[in-house]
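This briefing walks through a few local regions of one protein chain, grouped by topic. Please keep the sequence and the structure open beside the text while reading.

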Amino acid sequence: MHLIIHSPDKVARSFEVAAGASLIDVLKDAGETVVAPCGGAGTCKRCQVLVRDRTGMSHRLACQTPAEDGQEIILKNLDAMHIEGADRAHANDLAESTTTAARPCAEASSLGIAVDIGTTTMAAYLVDLATGQVIGTAGKVNPQATYGGDVIARIEAAAQPSGMTALCSLLRIAIDQMIATLCQQAAINPSNVERLVVVGNTVMEHFAAGLNPGPIGTAPFTPPSLFGTSIELCKTAESASKKAYLAPAIAGYVGGDITAGLHAAGMADREQLQLFIDIGTNGEMALGNRDLMICCATAAGPAFEGASIALGMPALPGAVCAVRLTRQTLLVDTIDNAPALGICGSGLLDAIACLLAAGLVDETGRMALPGEAERPLSHLLGTVQGQAACYLDIERNIYVTQDDVRHVQLAKAALRAGAETMLTEMGATCDDIGELALAGGFGMRMNPTSAAQIGLFPPALANRVRQLGNAAGQGAVAALFNEGRSSIERIARTCTYLELSSSSAFSEHYLDAMGFDD
C-alpha cells in the first residue's frame, strides 16, 4: 500500500508502506522529525499530524494511527519552533540575527562553527575567527525527538536493533544541514570553516561521536567518554569525515553543555557564590565561585517543555507563552499572537502561579472543583475527563488539569531540592548567593516572579536573577578559541559532581519542596 507525505520544505512524496506500520514508523523511515517525548506510547499526545483519508481530514496521533493505503499526511513546520540562541547569538554583547540569517562574509575569512545539541532543539553559530563576531545562526528541532523526549528514552532506543545507527545518523545529518544552511546564507565556501565545536549533554555528545551511551543509563552511570578533545564525528553513508572539538563533560548527567554554560555564566571568576540552573529537558545545576564549584543533575522530567501536560506543546506559534491574572479573568499571550493551540513551558509556569494567587489551587497542589466555596475566578473551573481543570481563555479551549499541576510539582520539587542539597553540601544559605543564573530556552522565556511564586527556586533569590539565554551556545562559541577552551576544561577538572540518587539530604529536600507553601 502507498501513502503520501506533505512536508513544509519538500514536494509531496509517495511511500510504499508495510502492513501493520504506524504513521510514526512511516515518518521515521521517511526521515521526518516528529516530536514524541513519550517515545510512541501514546501518552504525551505531541506527535499529532494532520491526516486525510477516506473518513475525511483530522488531527491524529502518529504513534497510534495505523497506516492505510491512500492516506495523506500533512506535517507542520517544526522549524517555526522558537529556539533560544538560534535567533539571538550570544557573543560580543549579543550579536543579533534571525533564525537562519547570516551576513555575507569575505571568502578570505577564517571561520568557525559552534553547535549546541539540546535534547529537544539544536542551535549553530557561524563565527568570524579573525574578529570573534557571530555572523550567522541556525536552529532546528533535534530529529531524535521522534524517539522520546529525554536521554533515557534515547538510550533505550539506541539499544534496539539498528537504533544506534539511526540515532547517530539523524544527529550527523542535522549537524551537516545546519552547517550547510549557515554557509549558504553567508555566501561562503564550506572549506573556509576551519574549526568545529560541538557541545551537548553527555548522551548527545556520545551520539555525535558515534559512541554508545548505554552505560550512562544504568548505575553507576559512568560514561564511556568525558570528551574534552577533538574527535571524529559519527558518519553516515553520505557524510564525509569531519572532526570536531567536543566540550568536556563532568559526569554522565552533567555534560559539555553545562561546562560551556558555566564558562558563559562566569562562575569561576566570581567572588560571591553563584547558583546556576539550566532548565531544559534535563535539570542540571551548579553552585560555586572561583574557589569551589559543585554540580548535580535532577530528574525533573520534561514537563516544562510540554511533555506529560494535557495541552502541552513545544514553543511553536499558537502556544500560550504567558498568563496574567486580573480581577475578572485570566489573560493569555501566544507565540506570534497566533490562535491558541496549547501551552508551552513558560505559559504553564505562569498559569500555575496565577491559579495559586487566585486560590484555585491550594498549597498542597489540589485544584478546586466546580461548585465548591465561592471564590474569585471560580467561573473558570471545570472538569476534563473526570478531573478538575481550569480554563485559561474565554473560548474555554485551553486549560490546565489537576494532573498538570502534579507534574509541575514533581518537576519543580526536583529542581528546588537539587539547589537546596548543594547549599547543604557547601554549608551555605541563600544569603551567600550573589546571583541566580538561569540558562536554557525555558530559563530565558520564563517569568522569574512566577518561578519564585511556585517555589521552583528560593523566593529570596527572585531579585538576583540573571537570564542567560543559551549559555551553552555562548560557551560553544568561546570554545572556538584557545582561551575559552582552556577555561571550559578547567571548569570540568575542578567542578565536583554530587550524585543525588544516593543523597539522603536530597530526599528530604524533595519532600519539603513538593508543596506550594513558600
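Leaving out residues up to four places away in sequence, aspartate 128 touches Ser109, Ser110, Leu111, Gln133 and Ile135. The model is a predicted one, and the distances, angles and accessibilities below are to be read with that in mind. The points that follow begin with this aspartate and its hairpin, and then turn to helices and a further sheet.

- Aspartate 128 lies in strand β9, and with a relative accessible area of 9% the residue is buried, because the cut-off for that class is under 20%.
- A polar atom of the aspartate 128 side chain lies 2.9 Å from the backbone nitrogen of alanine 130.
- Strand β9, which covers residues 121–128, pairs with β10 in the antiparallel sense over eight bridges, and among these residues valine 127 has valine 134 of β10 as its bridge partner.
- The two strands β9 and β10 form a hairpin with four residues between them, and in the turn glycine 132 has a positive phi of about 80°.
- Strand β10 (residues 133–141) is largely enclosed by the rest of the structure, because eight of its nine residues are buried.

**Helix α2 and its cover**

- Helix α2, residues 151–158, is mostly covered, with six of its eight residues buried.
- The buried residues of α2 are Val151, Ala153, Arg154, Ile155, Ala157 and Ala158, and what covers them includes α3 (163–186) and α4 (202–209).
- At the start of α2, a side-chain oxygen of aspartate 150 comes to within 3.2 Å of the backbone nitrogen of isoleucine 152.

- Three strands make an open sheet in the order β20-β21-β22, with antiparallel pairing.
- Strands β20 (381–384) and β22 stand at the edges of this sheet, and each has a single partner strand, so one side of each is left without a neighbour in the sheet.
- From one strand to the next, the twist averages 40°.
- The pairing of β21 with β22 is antiparallel and runs over three bridges, and tyrosine 391 has tyrosine 399 in β22 as its bridge partner.
- Helix α7 packs on the sheet, where it touches β21 and β22, and the direction of α7 makes about 70° with that of β22.
- Aspartate 393 is found in the loop between β21 (387–391) and β22 (399–401), and although the residue sits in a loop, its relative accessibility of 8% means that it counts as buried.
- A polar atom of the aspartate 393 side chain lies 3.0 Å from the backbone nitrogen of isoleucine 398.
- Aspartate 393 and valine 320 are 73 residues apart along the chain, and their C-alpha atoms are separated by 9.9 Å.

- Helix α7 and helix α12 (residues 504–512) pack with their axes 8 Å apart and at an angle of about 135°, which makes α7 oblique to α12.
- In passing α12, helix α7 makes a right-handed crossing.
- On the α7 side, the contact is made by Leu410, Ala413, Ala414, Ala417, Gly418, Glu420, Thr421 and Thr424, and on the α12 side by Ala505, Phe506, His509 and Tyr510.
- Threonine 421 is found in α7, which spans residues 402–426, and at 2% relative accessibility this threonine counts as buried.
- When its neighbours within four places in sequence are left aside, threonine 421 is in contact with Leu498, Leu500, Ser503, Ala505, Phe506 and His509.
- A polar atom of the threonine 421 side chain lies 2.7 Å from the backbone oxygen of alanine 417.

**Helix α5 against helix α11**

- Helix α5 (residues 256–265) and helix α11 (residues 482–494) have axes that come within 9 Å and cross at roughly 115°, and the two helices are therefore roughly perpendicular to each other.
- The crossing of α5 and α11 is right-handed.
- Where these helices meet, Thr259, Ala260, Leu262 and His263 in α5 face Gly484, Ser487, Ile488, Ile491 and Ala492 in α11.

Methods. Residues numbered from 1 in each chain as written. Heavy atoms only, no water. Buried < 20%, exposed > 50% of the residue type's maximum accessible area, 1.4 Å probe, protein only. Pairing = 2+ DSSP bridges. Polar contact = N/O pair within 3.5 Å; in protein donor to acceptor, adjacent residues only side chain to side chain. Contact = heavy atoms within 4.5 Å. Axes fitted to C-alpha atoms, helices over the stretch in contact; angles between N-to-C directions. Parallel < 35°, antiparallel > 145°, perpendicular 65-115°, else oblique. Left-handed = near helix turned anticlockwise from the far one by under 90°.
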